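Please open the structure in your viewer and keep the selection tool at hand. The stops below say what to select next and what is there.

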Amino acid sequence: MNNNFLLSHRKEEPENGILYIVGTPIGNLNDMSQRALNILKNVSLIACEDTRQTKKIMNRFNISNKLLSFNKNNSYKKISKIVEDLKANKSIALVSDAGMPGICDPGEDLIKNVKSSGLDVICIPGPCAAITALVSSGMPSSSFVFEGFLPKKKIDREKIILEISRREKTTILFEGPHRLNKLLKELYEVCGGEREIEVSRELTKKYEEHVGNNLEEIIKFYEGREILGEITIVIKGIDKKKDIDFSRSSLKKELNDLINAGLSLSAAAKYLASKKNIKKSIIYNLK
């Protein structure tokens, strides 16, 4: 078999009029692929989240090319120009600061616009923090939900955390270091201290760290510690049968505590029904 065939795509890359979604390292520059380097060297221009970050890669691998700033603050102004350039047979690479573009960044909108314009999009696979953390966790990975960064709006945030607490599938979240403790406590309040979780920090970097246990133990681990670096969190889904038994026991305890505090059975059941989004009759019948 021709060895060149094993190393080639459908045509010699980069092709004209193609948007290339290029995965870049999430910390360790040794993870940069030869195919990605070839694209970055030879496309007409590179659309990047932060030109300063992309220049670090370019300097490391002696790449010289035109850079176009493309991020959440200016993407709405740049999308039409990028589409025009592609229609003019230019080849364009899209990169983020780290990992795969289009995940939790405006690359998603660009890709949608390019495809709706009848143009081709080709992905050059590379590192992804979500998948790296998932496969490192040892938690079920055949079926999972990626939530990215939780919304800041309280009602939307609470809704997703409640969904996570009831989910049988593994969940993956992103979080910044200064907000980690707040998120862990929010998860604890709804999911309970025994929920299995792993916090991955500084993936592929010198101080890579994986802290895995239940929520209660992980909260204790991070108390008083300085937390640095971007964080990926993997949360194990519930075992439905065990969770039903635990939930009933937990609800019964909460019900009794409210009654002992002076509430009537009806008032306590009504309060818990509203809090847990469960029918009042189910809670009432626990007594």
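Buried means under 20% relative accessible area, exposed over 50%, and partly exposed in between, with a 1.4 Å probe and protein chains only. The model is predicted: local features need pLDDT of at least 70, side-chain atom pairs count only at pLDDT 80 or more, and totals for chains, interfaces and linings use all residues. Residues are numbered from 1 along each chain as its sequence is written, and side-chain values use heavy atoms, with hydrogens and water left out.

Select Thr204 in the loop between β8 and β9; helices (H or I, at least four residues) and strands (E, at least two) are DSSP runs, numbered from the N terminus. Thr204 is buried, at 18% relative accessible area. Its phi is near 70°, a positive value in a residue other than glycine.

Next, select Glu202, in the loop between β8 (196-201) and β9 (209-214). Glu202 has a phi near 55°, also positive and not in a glycine. With 15% relative accessibility, Glu202 counts as buried.

Go to Pro14, in the loop between α1 (3-7) and β1 (18-22). The peptide bond leading from Glu13 to Pro14 is cis, with omega near 0°.

Finish with helix α7 (residues 154-166) and helix α8 (residues 180-191), whose axes come within 9 Å and cross at roughly 55°. Axes are lines fitted to C-alpha atoms, for helices over the stretch in contact, and angles run from 0 to 180 degrees between N-to-C directions. Show Arg157 and Ile161 of α7, among the residues that meet α8 residues including Lys182 and Leu183, where contact means heavy atoms within 4.5 Å.
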